[in-house]
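Hello,

Please take over the model below.

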Amino acid sequence: MKRVALLGATGSIGTQALEVVGAHPELELCAVAVGSQADEARRIASEHGVRHVSIGGDPPLDELVRASKPDVVLNAVMGFAGLPATLEALERGIDLALANKESLVAAGSLALAAKERGGGRILPVDSEHSAAFQCLEGRAGETIHSLVLTASGGPFRGRSRSELADVTPAEALAHPTWNMGPKITVDSATLMNKGLELIEAHFLFDLPYQRIEVVVHPTSVVHALIRLRDGAALAHLGYPDMRVPISYALTFPDRAETPIEPLDLAAGLILEFTAPDEEAFPCLALARAAGEAGRTAPCVLNAANEVAVAAFLDGRLPFLGIAEVVEGTLNATDTAAAHNLDELVAMDAEARKTAAALTRELVH
């Protein structure tokens, strides 16, 4: 029996994780955390016999992890708020099924140091990182030439910058292939999601940024591929369904059965790849630059993006304003290194304050 702490149980990843846990007798839910849906949290806890429940951060997520003594923590909390639970799991040597990409984006060095001290594993849940993890598993680093992450291109693929000026939140939330929460769906529309995944991949797989490439692949059948030094390339293919990487992370290394249909190669699959349009979607380039700058630049990038996306979803900021707020915040902030969580939290707060001010300026 493997005890699972599920953080972010009512989100898109969380609800699919509950389906995976319910389908596998060897998985036992031992803790549940939600942001605000108290009734739903109590229903889940009652259905699964869970005693440890956190609602709206009460108790704090790191305390929930300590108290529930899980074998694996699935961190599907949205945004910077998921960071303390990530660090707690890694410090304690608990396997971390990571769907909260902001943990490594904002605190990559701190998280890897905690992992080194604790001795646990990070099992990526993002479809692209799960795919890369599987392609890279067991391979000597010197045999790897490069990693390629695929992006669907979101709902605005093919549009020019001028054609994006007046797009609405409803249009941005109409993702063509994936069913995700609103924040990550907007990130997909701006390509910031792929930028955050680029930074996360750097820390997960210890690859320099110049050896990580992003390509647009509209059908989302190839989730990632690696190029090897002998000229070969290995790809991970499958239908776009998050239950596959969730199940892989929770049952690792056993790879349990899922109800997902095998890939039908005779059905006329189209494997089309193009370069991303960084003029129309500058967030990807901003993320790469922040990752290469290092120190707390990725933390600032993430904080500014969270503020800007929230303002866009509220109708207070135009779509193109998201990248403007992020770039302005990066330019206005001294991204010195953070040596501990308190310093990182302070930097996050400073970046959010700057981003909020820039948002007000753009609106007026």
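A cavity here is a set of points, on a 1 Å grid over the protein atoms alone, where a 1.4 Å probe fits but cannot get out; lining residues have an atom within 4 Å of a point. This is a predicted model: local features need pLDDT of at least 70, side-chain atom pairs count only at pLDDT 80 or more, and totals for chains, interfaces and linings use all residues. Residues are numbered from 1 along each chain as its sequence is written, and side-chain values use heavy atoms, without hydrogens and water.

The structure holds one cavity of 30 Å³ or more. The largest cavity has about 70 Å³ of space (the space filled by probe spheres set on the points, which are joined across faces, edges and corners). Its lining includes Arg161, Thr190, Phe281 and Phe319. By class, that lining has eight nonpolar, one polar and one charged residues (nonpolar: Ala, Val, Leu, Ile, Met, Phe, Trp, Tyr, Cys and Pro; charged: Asp, Glu, Lys and Arg; polar: the others, Gly among them).

Now the helices (DSSP runs of H or I, at least four residues, numbered from the N terminus). Helix α6 (residues 127–136) packs with α9 (residues 192–205) at about 30°, axes 10 Å apart. Axes are lines fitted to C-alpha atoms over the stretch in contact; angles run from 0 to 180 degrees between N-to-C directions. The pair is therefore roughly parallel (under 35 degrees). Contact (heavy atoms within 4.5 Å) involves, among others, Phe133 of α6 and Leu204 of α9.

Regards

How values were computed
Helices (H or I, at least four residues) and strands (E, at least two) are DSSP runs, numbered from the N terminus. Angles under 35 degrees count as roughly parallel, over 145 as roughly antiparallel, 65 to 115 as roughly perpendicular and the rest as oblique. On a 1 Å grid over the protein atoms alone, a cavity is a set of points where a 1.4 Å probe fits but cannot get out, and a pocket is an open set with protein on both sides within 12 Å along at least five of seven lines; lining residues have an atom within 4 Å of a point.
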